[in-house]
Structures are given as C-alpha cells and as structure tokens.
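Let's take a walk through this structure together. Keep the sequence and the 3D view at hand as you read.

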Amino acid sequence: HTMLQLHKDLTKAESSLLTQLCTGCIELKHFLTKHRVPGFLSSQCECQQGAETPWHVIMSCELKAVQQSQLKSNSERLDFVQLLTTPKGAKVVTRWMMESHRLPQFNLALSLLYEGVP
C-alpha cells in the first residue's frame, strides 16, 4: 500500500498518530528520555518489562495484554507491521492507541471520534 492509501480513510488525528507510531517520534517514555525532556529520566515502561516504545506498547506491554486481543487479525496473532502498513490495521491500531490513554493529547480526538461508537 502506498502511504497515501494508508492515510486516505483516517481522520487528521488518526493520521497524525499513525505517523508518530511509524516514526517513533511519539510522546512515549523512550522518545522523551532519548531527547532529554525534563522529568523523563528512564525509558522504562510502567510494566517494567522494556522501554516504552510503540512496538512495546502494542505488542508486549503486560499492562495492555487484555486489550491487545482487540488488535489481532484473523490469524489470531499480533502483527506489528500489518497494523502499521495496511488501511484496516492503521484504523484499528490508531483507535486502540487512543483508547489506551497513554497519549493524553489524543483524549479530545478520542471522545469526538469514538464516543458512542462500538
């Protein structure tokens, strides 16, 4: 899929979040610590099982293990690449990430986009 196709059916907030997930330039502890943002002394996730990166949060964070089942495709396994590189995956992973509340800057978009939507 081309990048344009990937973003075509996403809202501005979803598209922005997808870009951040793909580039790793996202307000998760690994990025914030790496860029010496005051107040972030460790890149360690709250689960203490690894650095808080997009891959960790989506694929292996023990704090999100229950919700990770929402991300599985028909193959019943998480596929990080498929989530970030297919239109269907992009829609699912951006909504899931917003619903995780790890990125408070997306809370307004979350309530406007998905409130009352199953």
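Ser16 is partly exposed, with a relative accessible area of 31%; buried means under 20% relative accessible area, exposed means over 50%, and partly exposed is what falls in between, using a 1.4 Å probe and protein chains only. Ser16 and Phe106 are 90 residues apart in sequence, yet their C-alpha atoms are 9.9 Å apart in space.

Before we go further, a word on what you are looking at: this is a predicted model, where local features need pLDDT of at least 70 and side-chain atom pairs count only at pLDDT 80 or more, while totals for chains, interfaces and linings use all residues. Residues are numbered from 1 along each chain as its sequence is written, and side-chain values use heavy atoms, with hydrogens and water left out.

Now look at H2 as a whole. This helix has 12 residues and reaches 17 Å from its first C-alpha to its last, close to the 16 Å expected at 1.5 Å a residue; the expected span is 1.5 Å times one less than the number of residues. Its buried residues are Ala13, Glu14, Ser15, Leu17, Leu18, Gln20 and Leu21. The cover over them includes helix H1 (3–8), H4, H6, H7 and H8. Just after H2 comes Gly24, with a positive phi of about 80°.

Gln20 is buried, with a relative accessible area of 18%. Beyond its neighbours within four places in sequence, Gln20 is in contact (heavy atoms within 4.5 Å) with Cys25, Ile26, Gln105 and Phe106.

In soluble globular proteins, nonpolar side chains tend to be buried together.

So let's turn to H7. Helix H7 has 13 residues and reaches 18 Å from its first C-alpha to its last, close to the 18 Å expected at 1.5 Å a residue. Gly89, Ala90, Val93, Thr94, Arg95, Trp96, Met97 and Met98 are its buried residues.

How do H2 and H7 pack? Their axes are 9 Å apart, at an angle of about 90°; axes are lines fitted to C-alpha atoms, for helices over the stretch in contact, and angles run from 0 to 180 degrees between N-to-C directions. The two helices are therefore roughly perpendicular to each other, a label used for angles from 65 to 115 degrees. On the H2 side, Ala13, Glu14, Leu17, Leu18 and Leu21 take part, and they meet Ala90, Lys91, Val93, Thr94, Met97 and Met98 in H7. The residues of this contact divide into eight nonpolar, one polar and two charged.

Next, the loops. Leu28 is found between H2 and H3, and this residue is buried, with a relative accessible area of 1%. Not counting residues up to four places away in sequence, Leu28 touches Glu52, Thr53, Pro54, Val57, Met97, Arg102 and Leu103.

In the loop between H7 and H8 you will find His101, which has a positive phi of about 60° although it is not a glycine. His101 counts as partly exposed, at 47% relative accessibility. Pro104 has its place in the loop between H7 and H8 too, and is exposed, with a relative accessible area of 54%. Pro104 and Glu27 are 77 residues apart in sequence and 9.4 Å apart in space, C-alpha to C-alpha.

Our last stop is Gln48, in the loop between helix H3 (29–34) and H4. Gln48 is not a glycine, yet has a positive phi of about 65°. At 51% relative accessibility, Gln48 counts as exposed.

Note on methods:
Helices (H or I, at least four residues) and strands (E, at least two) are DSSP runs, numbered from the N terminus. Angles under 35 degrees count as roughly parallel, over 145 as roughly antiparallel, 65 to 115 as roughly perpendicular and the rest as oblique. Ala, Val, Leu, Ile, Met, Phe, Trp, Tyr, Cys and Pro count as nonpolar, Asp, Glu, Lys and Arg as charged, and the others, Gly among them, as polar.
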